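Please look through the sequence and the model below, then read on.

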Amino acid sequence: MQIRKIKKWMEAMAWTWHQWLVLVAVMVARVAGNPSTQTDNNYQVLAGQQVWEVEDHDAMKVVAELEKEGMVDILGHSSSTPRFRVHTDSIAQVAAALTEAGLTHKLLISDLARHVAEEQRKESLEFLRGSKTESCTEESCPKPLANTYMSFEQIEYYLKELVERSQRVELVSIGKSIEGRDIWRVHIRPYEDTGEDVRRNAVWFEAGIHAREWISPATACHLLEYLVADKSLTKNLDVYMVPMANPDGYEFSRTNDRFWRKNRRINAGSSCSGVDLNRNWDESFGVGASSNPCSEVYKGTKPFSEPETEALSAEMQRVNSVDDLRLMISLHSYGQVLLYPWGSSNEIAPETPLMKRAGKRFANGAQRPYKTKYTVENIAAGMYLASGTTDDWAKAALKVPLPYTLELRDRGSNGFELPANQILPTSEEVWNGIKKLFSFINKNF
Ligand SMILES: [Zn+2]
């Protein structure tokens, strides 16, 4: 009786058995492809870790020192009062250090493993609820997904399919990561490319240098779609992008540790792995970074010791020799802030008024359509000293007039675990901001 009812209902839907089978297969594939179900052990290493906040503007210095020693991990850049992860075996020591400095802390998360598991459960439910959401496999991914964070393989296939689809796009591997993954660089030629060998204004985007900041590569892929479709602002602009600068770290954050930040370097003589790729560039190396391999801001053994930063910097240099790099944006999360150099000192960097002026244009543009507020700040003044970063190097070594670090959504309510349904809105608003920057370049250079 029941079966007959179902059959009748299916007939009413005018679907064939074959179509139903396809639907079931798609559902199964989607659950299998959903990072939340793939990564059931990626929070166990976080057991017992806590998240604290100190509501005191002078606390950042103290906490930054603790970070260099590998005891805490500063999360996001949404305010000048620090919010940070405390490693399980450092809880007592960190509490003592704060007390000694006359600071009191607030406990925000008492067990990070439980917290991540709960967030992933919610994300899973959200994923299954969205019945009309799109999907792709690791062998075919024609569009960037807006309902889930793609794996590195899916991103690779997406990039290869983008080349097939658009004659403006060129894709090359500029090097390999420590574990042998390709570091892909996309070049989108000017819309009115005459084929002539001329110097043009160029723009460089870098994403995914910090593993856990998943919204960064996700946004980068959507930006590629907007860029390829654009017919006016990129008329005479060469646009370059590395959508995944730290593929090993990204995959590790999907499978083993949701809060992984660094690359996957095995550090000689230490039980801690990874180098912070955004402290490894050859500019004021070491000033605002750590020499301790257990620190989240470990700078590495020497500038460009890592294959990822070596490949990125070499390609940026090459691009700047054939074109004029005017704008560089390194996509990070979180905090909703556009940061400009210097990070390594409190001195005023060259062209600071220009960086501020263009930055405000970005912030104005990015308010549409969701009224999202992005602030424009100097790295060292707004945050703490951070040296060996992409943007400082771009300014110092390549003389790029407008180099930025863009901290994407949000301001801390979800942090790195930004729900996937915010991928598209984030990309939309950022594209609106970037369009303003492109107009600025077209007018001023
Ligand atoms: Zn970052």
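## The zinc site

Along the chain, the zinc ion's donors are spaced as H-x2-E-x118-H. Donors here are N, O and S atoms within 2.8 Å of the metal (3.2 Å for Na, K and Ca), and since water is not among the atoms, sites may look incomplete. This is a predicted model in which local features need pLDDT of at least 70 and side-chain atom pairs count only at pLDDT 80 or more, while totals for chains, interfaces and linings use all residues. Residues are numbered from 1 along each chain as its sequence is written, and side-chain values use heavy atoms, with hydrogens and water left out.

The protein donors are His210 (ND1), Glu213 (OE), Glu213 (OE) and His332 (ND1), at 2.1 to 2.4 Å from the zinc ion. Angles among the four donor atoms run from 57 to 145°, and the site is irregular. His210 is buried at a relative accessible area of 3%, and Glu213 is buried, with a value of 3%. Buried means under 20% relative accessible area, exposed over 50%, and partly exposed in between (1.4 Å probe, protein chains only).

Eight strands form an open sheet in the order 5-6-8-7-9-12-10-11, with mixed pairing. Strand 5 (169-176) and strand 11 (375-378) are at the edges with a single partner strand each, so one side of each has no neighbour in the sheet. From one strand to the next, the twist averages 20°. Two strands pair if DSSP finds at least two bridges between them; helices (H or I, at least four residues) and strands (E, at least two) are DSSP runs, numbered from the N terminus.

Strand 9 (residues 324-333) pairs with strand 12 (residues 402-408) in the parallel sense over seven bridges. Leu327 stands opposite Leu402 in strand 12. Helix 14 (residues 423-444) packs on the sheet and touches strand 7 (201-207), strand 8 (237-242), strand 9 and strand 12. Its direction makes about 160° with that of strand 9. Contact means heavy atoms within 4.5 Å. Axes are lines fitted to C-alpha atoms, for helices over the stretch in contact, and angles run from 0 to 180 degrees between N-to-C directions.

## The whole protein

The protein has 14 helices and twelve strands. Of its 445 residues, 56% are buried.

Note on methods:
Tetrahedral: all angles 85-135°; square planar, octahedral: opposite > 155°, others 65-115°.
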